[in-house]
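Please read it alongside the sequence and the coordinates.

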Amino acid sequence: MATPTRRGLLLILSSPSGAGKSTLARRLREWDPAIRFSVSATTRPPRPGEVDGREYFFRSAGAFRAMVAAGEMLEHAEVFGHLYGTPRAPVASAMAAGQDTLFDIDWQGGQQIRNSDLGKDVVSVFVLPPSIAELERRLQGRAQDSAAVIAGRMARARDEISHWAEYDYVLVNRDIAEATAELVAILTAERLKRDRRPWLMGHVRSLNAEFEERRP
Ligand code: 5GP
């Protein structure tokens with residue numbers, strides 16, 4: 001049998017900041033290193049340890065707007081007073097190569113990609129915290145953020161959470177191992193969908209040919 005091929009799918013992960021989305025994304029890529037992470041462009045300054053081209057492409061507002069004007073962004077939005085956007089070209093080439101892409105983007109980006117012509121290739125997952133108290137505790141545990149930044153993220157969490165029902169799947173991240181297992185189950189099932197396995201047609205044809213050969 002020829003090597004099975006399929007289009008890559010677009011796995012969108014959204015959540016309020018502090019719900020554990022980045023850890024989940026990292027765990028998923030440890031489970032399958034072939035998953036491509038969509039590196040967004042942003043106008044926010046890098047945090048300590050962040051590397052240009054790895055976590056984000058750090059760009060000036062002018063350079064960012066030029067990318068948008070040139071049609072190079074699949075989606076873009078303002079989050080926490082900074083611009084964020086998904087470069088279009090790497091997504092198209094990953095899909096064509098049958099490689100799945102993981103997006104860590106907010107609800108605005110999720111909505112734009114779902115409503116684009118790539119909508120049918122999207123699998124979207126929203127991650128909820130077990131409680132608001134736990135969300136705040138996790139945000140406070142991040143040494144790098146000031147009290148003002150944490151307050152801003154808490155204020156925005158309610159707005160982000162209000163979009164939970166727009167997603168195909170919703171996880172409650174009580175335990176990272178459990179949530180990772182659930183995310184792996186989602187991706188595994190989505191990869192097995194009939195529409196994503198166009199080679200099945202040929203396989204069934206060859207099964208039928210075998211039946212024909214057996215006819216007395
Ligand atoms: P952070 O600055 O903490 O890395 O990200 C802030 C928020 O921006 C997160 O909710 C993240 O998911 C979202 N975000 C990151 N990249 C993009 C993007 O390309 N597009 C959109 N719409 N949101 C993004």
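## Salt bridges

The count comes to 18 salt bridges, where a salt bridge is a side-chain nitrogen of Lys or Arg within 4 Å of a carboxyl oxygen of Asp or Glu. The model is predicted: local features need pLDDT of at least 70, side-chain atom pairs count only at pLDDT 80 or more, and totals for chains, interfaces and linings use all residues. Residues are numbered from 1 along each chain as its sequence is written, and side-chain values use heavy atoms, with hydrogens and water left out.

Arg-6 and Asp-100 are joined by a salt bridge with an N to O distance of 2.9 Å. This pair links distant parts of the chain, 94 residues apart: Arg-6 belongs to the segment before S1, and Asp-100 to the loop between helix H3 (88-96) and S7. Helices (H or I, at least four residues) and strands (E, at least two) are DSSP runs, numbered from the N terminus. Asp-100 is buried at a relative accessible area of 3%, whereas Arg-6 is partly exposed at 22%; buried means under 20% relative accessible area, exposed over 50%, and partly exposed in between (1.4 Å probe, protein chains only).

Arg-44 and Glu-50 also form a salt bridge, at 2.9 Å from N to O, and both residues are buried. In the salt bridge of Glu-212 and Arg-215 the N to O distance is 3.4 Å. Here Glu-212 is partly exposed, at 47% relative accessibility, and Arg-215 is exposed, at 59%. Salt bridges that share partners connect Arg-6, Asp-32, Asp-100 and Arg-191 in one network.

## The parallel sheet

An open sheet of five strands has the order S2-S7-S1-S8-S9, with parallel pairing; two strands pair if DSSP finds at least two bridges between them. Its edge strands, S2 (36-37) and S9 (169-172), each pair on one side only. Strands S1 (residues 10-14) and S7 (residues 101-104) are paired in the parallel sense over four bridges, and Leu-10 has Thr-101 as its bridge partner in S7.

## Nonpolar cores

A nonpolar core is a set of buried Ala, Val, Leu, Ile, Met, Phe, Trp, Tyr and Cys residues joined through side-chain atoms within 4.5 Å. The largest contains 23 residues, of which Leu-11, Leu-13, Leu-24, Leu-28, Leu-102, Val-125 and Leu-183 touch the most other members. Helix H7 (176-191) is among the elements that each supply at least two residues, and H7 gives the most, with five. Another core, of 14 residues, lies apart from it and includes Leu-10, Val-91, Trp-107 and Leu-128.

## The S5-S6 hairpin

Strand S5 (residues 73-79) is largely enclosed by the rest of the structure, because five of its seven residues are buried. S5 pairs with strand S6 (residues 82-87) in the antiparallel sense over six bridges. Two residues lie between the strands of this hairpin, where Phe-80 takes a positive phi near 50 degrees. The charged end of Arg-153 sits over the ring of Phe-80, 4.6 Å from its centre; the criterion is NZ of Lys or CZ of Arg within 6 Å of the ring centre and within 35 degrees of the ring normal.

Leu-83 in S6 is the bridge partner of Glu-78. Leu-83 is buried, at 13% relative accessible area. Beyond its neighbours within four places in sequence, Leu-83 is in contact (heavy atoms within 4.5 Å) with residues including Ala-41, Phe-64 and Ala-77.
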